[in-house]
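This briefing goes through the structure shown below, topic by topic. Please keep the sequence and the 3D view at hand while reading.

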Amino acid sequence: MAVYRDQAVVLRTQKLGEADRIITLFTKEHGRLRAVAKGVRRTKSKFGARLEPTSFVDLQLYAGKTFDIVTQAQSIENFGEALATDYKNWTTANSILEAAERFTENEHEPALQQFNLVVGALRALAHDTYDSSLILDAYLLRSLGVAGFAPSMTTCSKCDLPGPHKYFSLVGGGSVCVDCRPSAAATPAPQTLSLMANLMTGDWNGAVESEPRSRREASGLIAAYLQWHLERGLRSLPLVERI
Amino acid sequence: MYEGAIQDLIDELGRLPGIGPKSAQRIAFHIIQSERVDISRLTDALRTVKERVKFCTECGNITEEELCRICRDPRRDQTAICVVEESKDVISIEKTREFRGKYHVLGGAISPIDGIGPENLRIRELMVRLASTEIQEIIIATDPNLEGEATAAYLARALKPLGMKVSRLASGLPVGGDLEYADEITLGRAFEGRRTLDS
Ligand SMILES: [Zn+2]
Ligand SMILES: [Zn+2]
């Protein structure tokens with residue numbers, strides 16, 4: 001496998017040497033990996049803006065010893081312009097990329113469901129399909145789901161007692177009944193839990209009906225739940241502009 | 001992995017920007033094989049630069065005085081400010097001879113994924129500066145890549161209430177690169193053709 005092709009989303013870039021960059025890629029078939037793009041920082045580079053964070057590209061790579069080398073890059077969809085010119089979109093996109101990096105723990109491990117979630121979230125954001133904060137929260141919840149941490153929204157996550165229940169627990173895996181609730185359980189509004197359920201299942205008609213108060217509460221719960229499962233929070237999350 | 005002093009040196013060099021593990025090792029072995037006097041010059045230079053060089057209190061550019069050479073120069077146009085990411089961008093723009101105003105060095109670009117938000121850059125200092133000077137035009141010359149673009153979008157929005165003319169370097173600069181690699185002609189043209197931001 002000296003030379004191979006794959007689709008990828010660029011998660012992150014770091015300067016390397018005089019004019020190169022290390023590009024952290026989330027590829028469709030080879031999972032997350034880091035590759036070197038030579039000369040990419042020169043304004044006349046053949047890569048242009050195709051290897052910037054959020055880029056969705058078709059790549060040709062050469063398998064190297066430490067890092068693979070990007071030899072060709074073609075744009076599949078261009079989200080960059082729409083995301084970078086709107087600060088709210090840019091901070092949101094950064095959080096999606098950082099979360100994707102954290103949800104793909106091991107390099108070279110294919111993670112197709114995660115990959116599709118990232119592409120879908122960036123596309124929705126670039127096209128302003130829904131409110132950016134809702135897109136981010138839906139992405140985070142579904143990524144948690146793919147990673148096996150889906151919080152329960154109605155039935156008690158401990159004893160399966162049908163809900164809805166008043167209590168929500170980070171440690172307990174979401175909704176908990178009055179008998180199973182740990183002492184630190186939160187008591188979110190029922191509308192907040194139903195918004196989270198809508199985001200989880202992709203019921204956008206329901207989600208867009210939600211009140212700002214429920215959205216704020218859901219964002220807080222999702223951030224805390226995420227931090228609990230990722231062990232440390234996302235650096236970009238406090239910087240996300242939410243309106 | 002090597003032992004003791006040599007590994008310490010490789011680790012320190014490896015923390016420098018743009019230096020990968022292989023380069024760090026190569027430089028470390030170069031240092032070991034160098035004459036003692038050459039290394040003394042290097043360590044002296046490192047110590048002196050850290051002692052003498054600081055950031056201009058007005059614009060954030062590097063200087064050995066309180067104010068940098070440009071801020072001290074009374075012939076510079078006091079009504080225009082060019083906002084750049086790094087001190088090296090000041091050098092690039094000075095080479096074009098297209099700009100006669102003053103600068104403001106942010107100290108980087110907004111990069112949430114690296115934990116860098118507006119508070120971590122010299123944006124508050126820029127606002128304070130604009131409130132107390134005769135500036136009429138602001139030219140945003142952040143890097144022609146997405147981080148630079150996002151930083152420009154943030155600045156344009158923050159500057160809007162001040163009612164000044166805010167422009168961005170023309171898109172003659174291909175997106176994706178760093179400002180420091182733009183040749184003087186391209187950069188000069190970008191200056192001439194700067195576009196006003198109205199968002
Ligand atoms: Zn229960
Ligand atoms: Zn100065």
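**Backbone, domains and chain contacts**

A:D160 is found in the loop between α4 and β6 of chain A; helices (H or I, at least four residues) and strands (E, at least two) are DSSP runs, numbered from the N terminus. This is a predicted model, in which local features need pLDDT of at least 70 and side-chain atom pairs count only at pLDDT 80 or more, while totals for chains, interfaces and linings use all residues. Residues are numbered from 1 along each chain as its sequence is written, and chains are lettered from A and ligands numbered from 1 in the order in which they are written.

**Backbone geometry in the loops of chain A**

- Most residues other than glycine have a negative phi, and most peptide bonds are trans.
- A:D160 has a positive phi of about 65° although it is not a glycine.
- A:D160 counts as exposed, with 11 C-beta neighbours inside 10 Å. A residue is buried if 20 or more other C-beta atoms lie within 10 Å of its own, exposed if 12 or fewer, and partly exposed in between, with C-beta atoms placed from the backbone.
- The loop between α4 (132-146) and β6 (167-169) of chain A also holds A:P164, which is joined to A:G163 by a cis peptide bond with omega about 5°.
- A:H108 lies in the loop between α2 (87-103) and α3 (112-126) of chain A, and its phi is positive, near 65°.
- A:H108 is exposed, as 11 other C-beta atoms lie within 10 Å.

**Helix packing in chain A**

- Helix α5 (residues 190-201) of chain A and helix α7 (residues 212-230) of chain A have axes that come within 9 Å and cross at roughly 70°. Axes are lines fitted to C-alpha atoms, for helices over the stretch in contact, and angles run from 0 to 180 degrees between N-to-C directions.
- α5(A) and α7(A) are therefore roughly perpendicular to each other; that term covers angles of 65 to 115 degrees, with under 35 roughly parallel, over 145 roughly antiparallel and the rest oblique.
- On the α5(A) side A:Q191, A:T192, A:L195 and A:M196 take part, and they meet A:S214, A:R215, A:E217 and A:A218 in α7(A). Two residues are in contact if their C-beta atoms, placed from the backbone, lie within 7 Å.
- The residues of this contact comprise three nonpolar, three polar and two charged. Ala, Val, Leu, Ile, Met, Phe, Trp, Tyr, Cys and Pro count as nonpolar, Asp, Glu, Lys and Arg as charged, and the others, Gly among them, as polar.

**Domains of chain A**

- Chain A is assigned domain 1 (3-78) and domain 2 (81-239), with bounds from an automatic or database domain assignment.
- Their C-alpha centres lie 29 Å apart.
- In the contact between them, 16 residues of domain 1 of chain A touch 18 residues of domain 2 of chain A.
- β1 (3-16), β2 (20-27) and β3 (31-37) of chain A each give two or more residues to the domain 1 side.

**Contact of chain A with chain B**

- 31 residues of chain A are in contact with 25 residues of chain B.
- β1, α1 (80-84) and α2 of chain A each give two or more residues to the chain A side, and α2(A) gives the largest share, seven residues.
- The chain A side divides into eleven nonpolar, eleven polar and nine charged residues.

**Chain B**

- Chain B has eight helices and seven strands.
- Of the 199 residues in chain B, 33% are buried.
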